[in-house]
Amino acid sequence: MYKILICDDERDIRNALRIYLTGEGYAVCEADSGLAALELMQREEVQLVLMDIMMPVMNGLEAAEKIRALDRPDSETVPIFAMTANAFSDDAARSRKAGMTEHLSKPLNAETLKKAILRNI
């Protein structure tokens, strides 16, 4: 089953995404910080990551860079989607430089998220 990691420090956002994604047939795991996401990626098989940018402990940009450097076969190719309230072009450029595949603006639109996932499966 296709597993998506939701990484966001806000529980309500994780819950909403979990409800939506499981309703679409995806398996879901969750992390509340970039560090927790990195640790989870070291021990579990995940096919896509939804990563909030602004988080305590380790932000999403740093976490994406560290995921890309992991010693696992898909570390350079696993899709990582930035989720952020910052929709400016320089924010998207920073996300891409950190290794993000997509840059999604919050609040997330279900149709936009669905299309982004389908582009990266």
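Residues are numbered from 1 along each chain as its sequence is written. Because the model is predicted, local features need pLDDT of at least 70 and side-chain atom pairs pLDDT 80 or more, while totals for chains, interfaces and linings use all residues, and side-chain values rest on heavy atoms, without hydrogens and water.

Me: What makes E1 and E3 a pair of strands?

Reply: Strands are DSSP runs of E with at least two residues, numbered from the N terminus (helices are runs of H or I with at least four), and two of them pair if DSSP finds at least two bridges between them. Strand E1 (residues 3-7) and strand E3 (residues 48-52) have four bridges in the parallel sense, so they pair; Met51 in E3 is the bridge partner of Cys7.

Me: Why are E2 and E5 called edge strands?
Reply: The open sheet has the order E2-E1-E3-E4-E5, with parallel pairing, and strand E2 (27-31) and strand E5 (102-105) each pair on one side only.

Me: Why is E1 called mostly covered?
Reply: A residue is buried under 20% relative accessible area, exposed over 50% and partly exposed in between, with a 1.4 Å probe and protein chains only. Four of the five residues of E1 are buried, so the strand counts as mostly covered.

Me: What makes the crossover from E1 through H1 to E2 right-handed?
Reply: With the strands pointing away from the viewer, the path from the first strand over the helix to the second must run clockwise. The β-α-β crossover from E1 through H1 to E2 is right-handed, which means that its path runs clockwise in that view.
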